[in-house]
Amino acid sequence: MVSVLIPAKDEAGNIGYLVDEIHHALAGHLTHEVVLVDDGSSDDTGAVFLQHCLRWGMPARLIRHATSAGQSTALWTAARHATGRFLVTIDGDCQNDPADIPALVAQGLTLSETHRHFCIAGYRTDRRDTRWKKIQSRIANAVRRRILDDGVPDTGCGLKLVPRATWLCLPYFDHMHRFVPALVKRLGGVIAIVPVRHRHRTAGVSKYTAWNRLWVGIVDMWGVSWLIHRSKLPLIDRMEVRH
């Protein structure tokens, strides 16, 4: 089963359309559930989510943070409560297209035959953001690839697939969602890239600015680099169990 994880704050204008699109993309093709973590919204995000899930008879979990804890923490909460073998993350702003999820799952099924840990990362080949935002991301992605060598051209894309067993091995920290491919590689996992669609935001506002991403991003990047270089992956030569 696939668990679709949605972190959302004040996305009442988007979440209903997103649930509808997930249903149309997956119903009849993949067994799935949708886990929404309402990260302290002040609007009706949770109510709209449940209303649309009920319309389609979609298995759903709604978890609400009492106060906003950020996107990484919302995904961490969602992953702990999900039950699927594969976790697919998707932003709640409707800029990702759920129609791309089956391609990620197909790639995940292939990799699962030979690898325990892996991450399928979406790549927004035709990104629909402002020119200023695209310039920021281009610079950030280039710096991150040089320092972390994670093999991902677009780590900011919300669409990713990770086995739940792998996700539960990742270290938790605020903003860790930007470094999931690097953290999976730290486990000895492999990374695959799948081109995905991207759309303009039509409702709500982004919670990120250049300023609030810049400084924490720099600090976190060096922290992840430290984790990678201080990790060891022992090869088990032999194990004996006696009762």
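Buried means under 20% relative accessible area, and exposed means over 50%.

Q: Is F179 buried or exposed, and what is its relative accessible area?
A: A residue counts as buried under 20% relative accessible area. In this predicted model, F179 falls in the buried class, because its relative accessible area is 3%.

Q: What angle lies between the planes of F173 and F179?
A: The structure holds three aromatic pairs, and F173 and F179 form one that is tilted, with 6.5 Å centre to centre. F173 is buried, with a relative accessible area of 18%. The angle between the planes of F173 and F179 is 35°.

Q: Over which ring does the charged end of R80 sit?
A: A charge sits over a ring only if, among other conditions, CZ of Arg is within 6 Å of the ring centre. The charged end of R80 lies 4.0 Å from the centre of the ring in question, which belongs to W76.

Q: Which element supplies the largest share of the largest nonpolar core?
A: The largest nonpolar core has 32 residues, and V4, I6 and I22 are among those with the most contacts inside it. Strand 1 (2–8) and helix 1 (12–26) are among the elements that each supply at least two residues of this core. The largest share, six residues, comes from helix 1.

Q: What is the relative accessible area of T166?
A: T166 lies in helix 6 (residues 164–167). Leaving aside neighbours within four places in sequence, T166 is in contact with R116, H117, F118, V184 and L187. T166 is buried, and its relative accessible area is 0%.

Conventions
Residues numbered from 1 in each chain as written. Predicted model: local features only at pLDDT ≥ 70, side-chain atom pairs only at ≥ 80, totals over all residues. Heavy atoms only, no water. Helix = DSSP H or I, 4+ residues; strand = E, 2+ residues; numbered from the N terminus. Buried < 20%, exposed > 50% of the residue type's maximum accessible area, 1.4 Å probe, protein only. Contact = heavy atoms within 4.5 Å. Phe/Tyr/Trp six-rings, centres within 6.5 Å; stacked < 30°, edge-to-face > 60°. Lys NZ or Arg CZ within 6 Å of the ring centre and 35° of its normal. Core = buried A, V, L, I, M, F, W, Y, C linked by side-chain atoms within 4.5 Å.
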